[in-house]
Each structure stands twice: as C-alpha cells, then as structure tokens.
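I opened this notebook to look up which side chains are paired or bonded to one another. The entries below follow the order in which I looked.

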Amino acid sequence: MKTSMKTTKANKDVSARGHRVRSVLRRSASVATALGILAVGAGLAAPARAAGRAPTCELRENIQLRDAIGNVFTKALYCDNLPSDVYARADFASPVTGWLKMSPSWFPCFTTGPADTQGDKTWYYTQGDQVGTMPKIKGWGVVPAEVVRLPAGTQRPYPDLPRCPWF
C-alpha cells in the first residue's frame with residue numbers, strides 16, 4: 001500500500017513538472033514566433049527605406065586608418081557600397097584579396113585601372129569585410145568605382161580624395 005501511494009505521488013510530481021515544462025515551451029514558442037514576425041517585418045521594411053534615400057557618402061578628415069602593410073591614412077571617403085570582390089591591383093584579373101559584404105565602407109585613396117561596366121576607370125582602395133587570398137594583407141585592395149555609391153552628380157574620383165601613392 002505504501003508503494004502505491006509513493007507511485008501515485010511520484011506520477012503527480014512528474015505530471016506537474018511536465019505541465020510546467022510544456023507551459024514554458026509554449027511561452028517560448030510564442031515569444032520566438034513574435035520575434036520572428038518582427039524580424040521578418042523589419043527585413044521587409046528595411047529595403048523600402050534604403051531604396052528611397054540617397055547614398056551615405058562623405059569625406060572624413062582627422063581619422064587614422066592603417067592598412068596591413070603600414071600605410072597610415074588621415075582622410076577617407078566613407079560611403080555606402082555594393083558587395084564586391086576586392087582586388088590586389090586595379091585589374092579584374094588580379095588576385096582577390098577579400099570581399100566587401102557590408103555597407104558602408106572606408107575608401108582612403110583611389111587609383112586608375114581598367115574600366116568597369118559603367119566605363120569608369122577609377123578604383124578605390126579599401127579593406128574587405130572578409131579576407132580572401134593573400135591573408136597577410138588582411139583583405140586590403142581596390143574595388144572598381146561602380147561599387148562605391150556616390151550621390152548622383154558627384155564626379156569620380158571623389159573630390160579631394162587623395163590618389164594612392166603606390167599605384
């Protein structure tokens with residue numbers, strides 16, 4: 001008889017714990033669903049806002065950027081950009097040193113090279129968000145001008161941005 005009372009009490013405890021666990025899981029699922037809906041809604045709204053605004057782009061001075069080979073820059077163009085390969089030299093056949101995946105990015109100087117698909121021969125120096133070949137230079141290299149989102153009517157290269165001295 002004592003065994004059956006212990007069994008009944010143990011079953012009730014297990015049942016109560018199971019109910020609490022299911023309740024917590026249900027609340028967690030509700031919160032996760034709500035957050036998922038908010039995240040999806042925000043994701044859908046973000047491109048509409050981005051498409052309606054002018055690109056962010058400004059020349060910033062009195063900064064300090066240092067590339068992987070020791071060059072120091074005190075001025076840089078800070079602009080929205082498109083995703084892109086980052087090349088070791090201003091040449092589409094050059095090794096890919098990294099990839100621009102996020103926007104905006106820094107562009108401390110420019111050079112010239114082969115024309116991009118829009119016919120522009122300007123290339124901007126930057127550091128990729130992800131390192132590719134040549135890991136010692138940590139993704140530093142150049143991207144064609146069409147990657148850098150300048151405001152409409154802005155000349156290339158961007159006014160007052162220095163030419164890269166080594167190109």
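**Salt bridges and disulfides**

I began with Arg60, which forms a salt bridge with Glu58, the closest N and O atoms being 3.0 Å apart; the term stands for a side-chain nitrogen of Lys or Arg within 4 Å of a carboxyl oxygen of Asp or Glu. I noted that this is a predicted model, in which local features need pLDDT of at least 70 and side-chain atom pairs count only at pLDDT 80 or more, while totals for chains, interfaces and linings use all residues. Residues are numbered from 1 along each chain as its sequence is written, and side-chain values use heavy atoms, with hydrogens and water left out.

I then looked up accessibility (buried is under 20% relative accessible area, exposed over 50%, partly exposed in between, with a 1.4 Å probe and protein chains only). Arg60 is partly exposed at 27%, and Glu58 is partly exposed at 36%.

The structure holds 2 salt bridges, and I found Asp120 paired with Arg156 in a salt bridge whose closest N and O atoms are 3.7 Å apart. Arg156 is partly exposed, at 26% relative accessible area.

I turned to disulfides, meaning pairs of cysteine sulfur atoms within 2.5 Å, and the count came to 2. Cys57 and Cys79 form a disulfide with sulfur atoms 1.8 Å apart, and both Cys57 and Cys79 are buried.

Cys109 and Cys164 form a disulfide with sulfur atoms 2.0 Å apart. The torsion about their S-S bond is about 95°, so this disulfide is right-handed. I recorded Cys109 as buried at 1% relative accessibility, and Cys164 as buried at 1%.
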